[in-house]
Amino acid sequence: MPQVQEEEETEPAPDDNSISISALQEGQCGPPHQANHIYSLHDVVSVHSSNYECNPTPNPQEWCNYVTVSYNWDAAWKFLGSCEGEEEDTADALDVDTVAPKEEEEENTPLEEETVDKPTTAQKEPSVITIQDITIPDTTIQDSLPQPEEEEGEVEDWDASKTYVAGDEVGADDKIFRCKIGGWCSSVSYEPIVSSYWYEAWDLVGNCHGVTSAPTTSPPTPTPGPTPKLDVRPSSGGDANSDQVYSNSASTVQKVFDILHSKQRAIDNELFLYQGQTPSTVYRYQGFIDGLRVMTEDGVANKYFYLGNDHPEHGHLYGLANIAAFLGQSMKETIQYDACDENSWDYFDSVYPLSNACGQLGQSYQDYHCPDHEKHMECPVDANMSIKGTTHAKWYGAPSPLFCGPKTEYPFVGKWDYGYMCNNPWENPPEYCEDYVGQQAGRMDNSVPVANRNGRTDVEGCCWWGRGVIQTTGVCNFGKLNYFLGARAAKEGRGSRYPDIDFCKTPDAICASEEHKELKWIAGMFYWVESLQSYDEGGWNYMKELHRYVDEGMNDDSFIHAVSGIVNRGCHNPPCGTGPVDGSHERATNFNNVLTTLNA
C-alpha cells in the first residue's frame, strides 16, 4: 500500500462558534453547533448538553460542514460525552438526538408538511445526502437545458443573512430558484449553485433572461449504492450452529413463519421501501420467504438460518431478532435503493468512471480471494466473461448498470456523462436515451480512457461487483455459492439446490433469474450464516450476543451496532482500520422498526 505523507495540521484561529478539544475543560459544553459555521479538524461543539468533536478520519474534515441534518452524523463527529453549561437554541444544529448513551428522546419539530412528504418508516426527515453519497458538482443537469430568451426577470440574489420560506424566489449565477423547504433555504448548506445539495431545498425555475423548462421529474438524491462484502468470514471459534442450544426447533420455526405470514402486507408496504416511501420492485415478501424457507429447511453445508430454539418464552424471539438484524442491514445496503446489482456511485475526479465495475473506493473485487484453506472454492477469473448488470440507480441522469468485458471488446472505457441530454429527436440521425429502461439523461463517453479510483481503465475480468440483498462480492463469495449451492456442487456429487446455475460463469443469475427470484435473498442469507452466525472474534460471539440481547429485554442497541460493524466494516468494534460504520444509526433504526412491525 503506498505511503501517504501526512500533512501538518494547523490550528484554526479561535472564534465564538467552536473550540479545540485541547482547550476544552472537563465537563464544559463547547459552543452550540451552527449550520453556517465552517468547522476544522478537532473543533468541539455541543448539542443537547453533549459535546462532539469534528473527527471524520479517514474522511475529509469538510464532512463536518455538510453532514448537518443526517443520521450519518457519526461519520464526521465523534461523541465525547455529556456536558454542562448554557447552550443557545440551535434550530439548524447537527441532528444527533439519538446518540449513545441514550437519555431522553426529544421530539423533532416537523418541517413544513405541505412541502415535504413524510417517509413511512422512522427514517429521519427530511432525507439528505449523507457522507458516502455521491457529490454532485456545481454544474447541474438543468444547466444544459434549452434557455429561451425572454425579458429579464427581477429577483434579488440569495443572501445568507435573510430568512426564506417556501415559494420565495432568489437569483444566483444568472438563474432563478424557488424555495421548496423553509429553513433549509436560509442555510449555506443549501446555497443555490454553490452547495452541492442546493436542489434539496430549491427548484430551478428559470434564468434572468427567461423561463427555463425544467425536467418533468426532478433528480432525486443520488445514492451510494450497496456496500460490497469483501469476504466470507469463517468461524475462528467453531461453528455456532453446531451447539445444540443454537439449533432450530421445528415448532419455533413454524411459529416464526406464522408471524411473518401475518405481517406480509406490512413487510411489503412498510419495510421493503425504495427511498423510504415507495414499495420496492426488486425486494418483495414472496422472494424473502422463499429464500428463508430454503435456508431453514435445506441450509447450506449443514448451516441454517437461525429462527430460534425450543425455549418456551424466548425461542421465537431469538429468531425474530435474527431476522430483524438481517433485514435491518439489508434495508440499508440495497432495499432502500431498489437495487440488486451494485450501483455505480463512486464519483472520482469529478466523473463516474465506467471502470467502477472493477471496484469502487479503491477496491479490486476480482482480487478478493478466499483464505488458503478455502481457496479451492473460489471462482477463477475469466478474462473473456462479458456481463451487464440488471439493475441500476434511478435518479435523473444516473449511471447505466455496471458491465464487464474483455479488452478485445472494450480496449478501454471512459466515463458516464450524467448531464448529457440524450433525448434529441431533432438531430440527424435522431438520438434517444437507450442505455437502460427509464433513462432520462446521461450517456457513456468512451472518447478517452478514464481511470477509476484504483487506476483501472478497462473492465476485463471485472464481473464480480456486489449482487443481492447484502451484496455478494468477489471471487471467493461467488465461488462458495457455486461450491455449496450451484453447478459445481452437483458436478462433484454434493447436494445442490441449483444444479443448473454456475455462479462462477453466470454471477448475474442472482439478480437476473426470473425463475429463482429468491436467489437475491439466499445469497445474502448464505453470507449471514457464514459471516454473522459464525462470527466469534475478540470475545464477541454473535449467537451468544443475540441470545443475551433477547434475554435482557431487547433494549440495548450495542448488539445491533456491533452487527452493523461486522457487516459494514468486518468487525464488531469498528473502525477496525477501515473507518467508521456507514449509517450506523440508520441500521439500528431499521432493526428496531422490523422488531416493532413483527411485534417482537
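Select Trp521 to begin: this residue is buried, with a relative accessible area of 1% (buried means under 20% relative accessible area, exposed over 50%, partly exposed in between, with a 1.4 Å probe and protein chains only). The model is predicted, so local features need pLDDT of at least 70 and side-chain atom pairs count only at pLDDT 80 or more, while totals for chains, interfaces and linings use all residues. Residues are numbered from 1 along each chain as its sequence is written, and side-chain values use heavy atoms, with hydrogens and water left out.

**Aromatic pairs**

The structure holds 26 aromatic pairs; rings of Phe, Tyr and Trp (its six-membered ring) pair if their centres lie within 6.5 Å, and planes under 30 degrees apart count as stacked, over 60 as edge-to-face and the rest as tilted. Phe272 is in the loop between helix 4 (264–271) and strand 9 (273–274), Trp521 is in helix 10 (residues 519–532), and the two are 249 residues apart. Helices (H or I, at least four residues) and strands (E, at least two) are DSSP runs, numbered from the N terminus. Phe272 is buried, at 0% relative accessibility.

Next, select Phe305 and Phe326, an edge-to-face pair with 5.7 Å between centres and 80° between planes. Phe305 lies in the loop between helix 5 (285–297) and helix 6 (315–333) and Phe326 in helix 6, so the pair ties together parts 21 residues apart in sequence. Phe305 is buried at 1%, and Phe326 is buried at 0%.

Stay in the loop between helix 5 and helix 6 for Asn309, which counts as buried at 7% relative accessibility. A polar atom of the Asn309 side chain lies 3.0 Å from the backbone nitrogen of His311.

**Charges over rings**

Here a charge sits over a ring if NZ of Lys or CZ of Arg is within 6 Å of the ring centre and within 35 degrees of the ring normal. Select Tyr274 to find Lys394 over its face, 5.2 Å from the ring centre. Then select Tyr483: the charged end of Arg494 sits over this ring, 3.7 Å from its centre.

**Nonpolar cores**

A nonpolar core is a set of buried Ala, Val, Leu, Ile, Met, Phe, Trp, Tyr and Cys residues joined through side-chain atoms within 4.5 Å. The largest has 103 residues, and Phe288 and Tyr542 have the most contacts inside it. Apart from it lies another core, of 12 residues, including Phe177 and Ile193.

Technical notes: Polar contact = N/O pair within 3.5 Å; in protein donor to acceptor, adjacent residues only side chain to side chain.
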